[in-house]
Amino acid sequence: MKRVLKWIGGLLLLAVVVGAVVFFGFLPSYIEADRNNVIAHAPYAVSDDAAALHEILIVGDLHADPLLWSRDLTERGTRGQVDIPRLIEGNVALQVFTAVTKSPAGQNYEANSAESFDNITLLAIGQLWPLRTWDSLKERAVYQAEKLHQFESASDGHLKVVKTRADLDAVLAARAAGQPVVGGILGIEGAHALEGDLNNLDALFDAGHRVFGLHHFFDNELGGSLHGVGNAGLTEFGRQLVADLTQRPVVIDLAHSSPQVARDVIDMTDVPLIVSHSGLHGFCPVKRNYPDDLMQQIAATGGVIGMGYWADVTCGDITPTGIAKMIKAAIQTVGEDHVSLGSDYDGSVETAFDTSELAALTSALLDQGLTEAQVRKVMGENMVRVFQQQLN
């Protein structure tokens, strides 16, 4: 009997070990590869004129989530859509790296409960993030900022974390001198990372976060999400936070906020606002894309709208040509000074090209009839203008 119990105990121990190996070693990378797929495709045609133009562009992207995953961003990855080598290959000057801290199970664009099981908790445990992150949204945002700083240290000068106007200008000057460097700007995707305490704002700012998204897929202490319930506006806590943010050298991001929150923020601020990753409702009439009149109000603040690369905001065509068509429509709706790139790379979206292939988007924009000046603005100059104004 003892021999049988010992045998059973050995099997149980083996099962635990195998389960741990699968859970901690294989499953997170498998999930990342599955959720951030790049559709297999032949190389995109890039005209000679487009290639020459792309080499001298300032390219910027308002939203990507690679810090959520356990990948060394200093190495060229075999999965996902963004890393430093691929950013350099794509001639990207500025990339916003956004910290995702909470994501409800079964998330959808229509309605989600803040009480749903949180997927990021499981991901934090599965990827062996520090224990402090397992039950703290604030610490998850701080940890992801720490990761970017670690990548900066290990990047051999190819990544510079941008916190100030001087940092931004230094990156642009280095690139103008021919140095292959990417400026990384940190942001949070949802101010629930404050955990309902305005005193936590200093910790996030000190960690390096300079883009503050107010919401993600659920209502929080600030007010309603675009994907929550009831389209609530700003709460008193939300108003206090927005007032504080307007006094800091940061950018406020309305992506995922309810339309009423967006209108409340517009009414109480006098700073350029952004929607970091979205589409155009007139081009693709879905809930995820704000109504065109609201986008025009956001543009009127001097802000920018980041055009995403995934099917839910484009209504299907996610090739460079499809994205270029949406960008052209956005220029016609909000003006050429208010359209930018907002890929949502590595944000659990499937795309048809990764960041190393952005010359194909430049070529597609020219094919759509955009002028060189318009291409320059959309690909990065509009984004740079907002950050140069807001950072100090």
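Reply: A disulfide here is a pair of cysteine sulfur atoms within 2.5 Å. This is a predicted model, where local features need pLDDT of at least 70, side-chain atom pairs count only at pLDDT 80 or more, and totals for chains, interfaces and linings use all residues. Residues are numbered from 1 along each chain as its sequence is written, and side-chain values use heavy atoms, with hydrogens and water left out.

Me: How many disulfides are found in the whole structure?
Reply: The search finds 1. Cys-284 is joined to Cys-315, with 2.0 Å from S to S. The link is right-handed, with 80° about the S-S bond.

Me: Which parts does the pair tie together?
Reply: Cys-284 is in the loop between strand S7 (274-278) and helix H10 (292-299). Cys-315 is in the loop between helix H11 (311-314) and helix H12 (320-334). So the pair ties together parts that are 31 residues apart in sequence. Helices (H or I, at least four residues) and strands (E, at least two) are DSSP runs, numbered from the N terminus.

Me: Is Cys-284 buried or exposed?
Reply: Buried, with a relative accessible area of 0%. Cys-315 is partly exposed, at 47%. Buried means under 20% relative accessible area, exposed over 50%, and partly exposed in between (1.4 Å probe, protein chains only).

Me: What does S5 pair with over 4 bridges?
Reply: Strand S4 (residues 182-189), in the parallel sense. Two strands pair if DSSP finds at least two bridges between them. Ile-188 stands opposite Phe-212 in S5.

Me: Where does the chain go from S4 to S5?
Reply: Through helix H7 (residues 201-207), and this β-α-β crossover is right-handed. That means that, with the strands pointing away from the viewer, the path from the first strand over the helix to the second runs clockwise.

Me: And what joins S5 to S6?
Reply: 3 bridges, and the two strands run parallel. S6 covers residues 251-253. Gly-213 has Asp-253 in S6 as its bridge partner. Here the chain crosses through helix H8 (residues 236-245), and this β-α-β crossover is also right-handed.

Me: How is a pocket defined?
Reply: It uses a 1 Å grid over the protein atoms alone and a 1.4 Å probe. A pocket is an open set of points with protein on both sides within 12 Å along at least five of seven lines. Lining residues have an atom within 4 Å of a point. Grid points are joined across faces, edges and corners, and a volume is the space filled by probe spheres set on the points.

Me: What about the second largest pocket?
Reply: Its volume is about 220 Å³. Helix H6 (165-176) and helix H2 (48-56) each supply at least two lining residues. H6 gives the most, with 3 residues.

Me: Last one: where is Asp-367?
Reply: In helix H13 (residues 359-367). Asp-367 is exposed, at 62% relative accessible area. Asp-367 and Thr-321 are 46 residues apart in sequence, and 8.4 Å apart in space, C-alpha to C-alpha.
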